[in-house]
Amino acid sequence: MRVFVAGGTGVMGRRLVPQLVARGHQVTATTTSSGHLGLLEQLGADGVVMDGLDAVSVGEAVAAARPDVIVHQMTAISRAHAGKPDIKHMDRFFATTNRLRTEGTDHLLAAAEATGVSHVVAQGHASWNGIREGGWVKTEEDPLDPGPPSMRKGMAAMRHVQDVVVEAGGAVLRYGGFYGPGATDDVVELVRRRQFPLIGGGTGYSSWIHLDDAASATVLAVEQKATGVFNIVDDEPAPASEWLPYLAACTGAKRPVRIPTWLARLVAGDVAVTMMTEGRGFSNAKAKRELGWELRYSSWRQGFKEGLP
């Protein structure tokens, strides 16, 4: 199968492309920098420079590749694109990524229609952003949370991806919080410096996923031409009071300090408070049942110990 991976040099793309190649697929992968074309070649893909926010650039790249399926993994959250992570001003930090999830998604779908590509698989998000009502673990039937004020645009962008890709007959894979090579470096650094505190009672739930498990689920969605929404998370959604101290222990750091919610809201902002005190995790039952997906790291407990760089 000819697979077009938009966003081939991100942390997810770098794990996905080799898995697709190993399964015998012919992969064309995009980058925004000609300096990364050599990396894509090393990963086994045909590399192409593409601007996901330019409809002409996207259309030409897709037309030249003639793919059977498009995989949308475009983001702009690396330090090179977005600078230092800023959890207090998330919509500002995610501004370009939000455009890639709205305008960029629309450009890819238009290119798919113009070139007769019948299937699109896109990246979604399912870590702590389940609707903040009812139980602590959500399924695909539950809506995503509208988000705290400083991340409303980002949440709306993710809902846009889900709405338009599913309407086009594609699949949206709502990945949990990524960890693995290149995905958690900033978090681990903050934890080691004791600058990633536990907020309040740490009652908010999150779901995690190792990059390699996320990639393997994506390969299955591509090969099976899956449709609809799937939560791609591990088996153990957990409150911050459990996963954060464990992450610290796995990285050789001291136990995180605990700060009250009112102080955290002033220092870290509403997203951090929401995530760590009210967040909802997700169930992976549908992905395991319908895709036949099996995880290498079924729990973050195993993954943090074995799968962090």
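1. α3 and α6 pack with their axes 9 Å apart, at an angle of about 40°. That angle makes α3 oblique to α6, where roughly parallel is under 35 degrees, roughly antiparallel over 145, roughly perpendicular 65 to 115, and oblique the rest. The axes are lines fitted to C-alpha atoms, for helices over the stretch in contact, and the angles run from 0 to 180 degrees between N-to-C directions. The crossing of α3 and α6 is right-handed; a crossing is right-handed if the near helix is turned clockwise from the far one by less than a right angle, and left-handed if anticlockwise. Helices (H or I, at least four residues) and strands (E, at least two) are DSSP runs, numbered from the N terminus.

2. On the α3 side of this crossing the contact (heavy atoms within 4.5 Å) is made by Ala55, Val58, Gly59, Val62 and Ala63, and on the α6 side by His107, Leu108, Ala111 and Thr115. By class, the contact of α3 with α6 has six nonpolar residues, three polar and no charged ones. Here Ala, Val, Leu, Ile, Met, Phe, Trp, Tyr, Cys and Pro count as nonpolar, Asp, Glu, Lys and Arg as charged, and the others, Gly among them, as polar.

3. A note on the source: this is a predicted model, in which local features need pLDDT of at least 70 and side-chain atom pairs count only at pLDDT 80 or more, while totals for chains, interfaces and linings use all residues. Residues are numbered from 1 along each chain as its sequence is written, and side-chain values use heavy atoms, with hydrogens and water left out.

4. Helix α6 (residues 95–115) also meets helix α7 (residues 152–167): their axes come within 7 Å and cross at roughly 20°. α6 and α7 are therefore roughly parallel to each other, and their crossing is left-handed. From α6 the contact takes Asn98, Arg101, Thr102, Thr105, Asp106 and Leu109, and from α7 it takes Lys153, Gly154, Ala157, Met158, His160, Val161, Val164 and Val165. The residues of the contact of α6 with α7 comprise six nonpolar, five polar and three charged.

5. Ala95 is placed in helix α6. Its relative accessible area is 37%, so Ala95 is partly exposed; buried means under 20%, exposed over 50%, and partly exposed in between, with a 1.4 Å probe and protein chains only. Ala95 and Tyr205 are 110 residues apart along the chain, and their C-alpha atoms are separated by 25 Å.

6. A further helix pair is α1 (residues 11–22) with α9 (residues 211–223), which pack at an angle of about 50° with their axes 9 Å apart. That makes α1 oblique to α9, and α1 passes α9 in a right-handed crossing. In α1, Val11, Met12, Arg15, Leu16, Gln19 and Leu20 meet Leu211, Asp212, Ala214, Ala215, Ser216, Thr218 and Val219 in α9. The contact of α1 with α9 divides into eight nonpolar, three polar and two charged residues.

7. Where in the fold does Thr218 sit? Thr218 is found in helix α9 and is buried, with a relative accessible area of 0%. Leaving aside neighbours within four places in sequence, Thr218 is in contact with Met12, Leu16, Val71, Gln73, Val121, Leu173 and Tyr175. The C-alpha atoms of Thr218 and Trp243, 25 residues apart along the chain, are separated by 25 Å.

8. The largest nonpolar core has 34 residues, and those with the most contacts inside it are Val5, Val121, Tyr175, Ile209, Phe230, Ile232 and Trp293. A nonpolar core is a set of buried Ala, Val, Leu, Ile, Met, Phe, Trp, Tyr and Cys residues joined through side-chain atoms within 4.5 Å. α9 gives the most to this core, with eight residues. Apart from this core lies another, of 32 residues, among them Phe94, Ile199, Trp243 and Ala253.

9. Val121, leaving aside its neighbours within four places in sequence, is in contact with Val69, Ile70, Val71, His72, Ala171, Leu173, Thr218, Ala221 and Val222.

10. Two backbone points remain. Arg66 has a positive phi of about 50° although it is not a glycine; Arg66 is in the loop between α3 (55–65) and β4 (69–72) and counts as exposed at 52% relative accessibility. Lys225, also a residue other than glycine, has a positive phi near 50°. Lys225 is in the loop between α9 and β12 (228–232) and, at 41% relative accessibility, counts as partly exposed.
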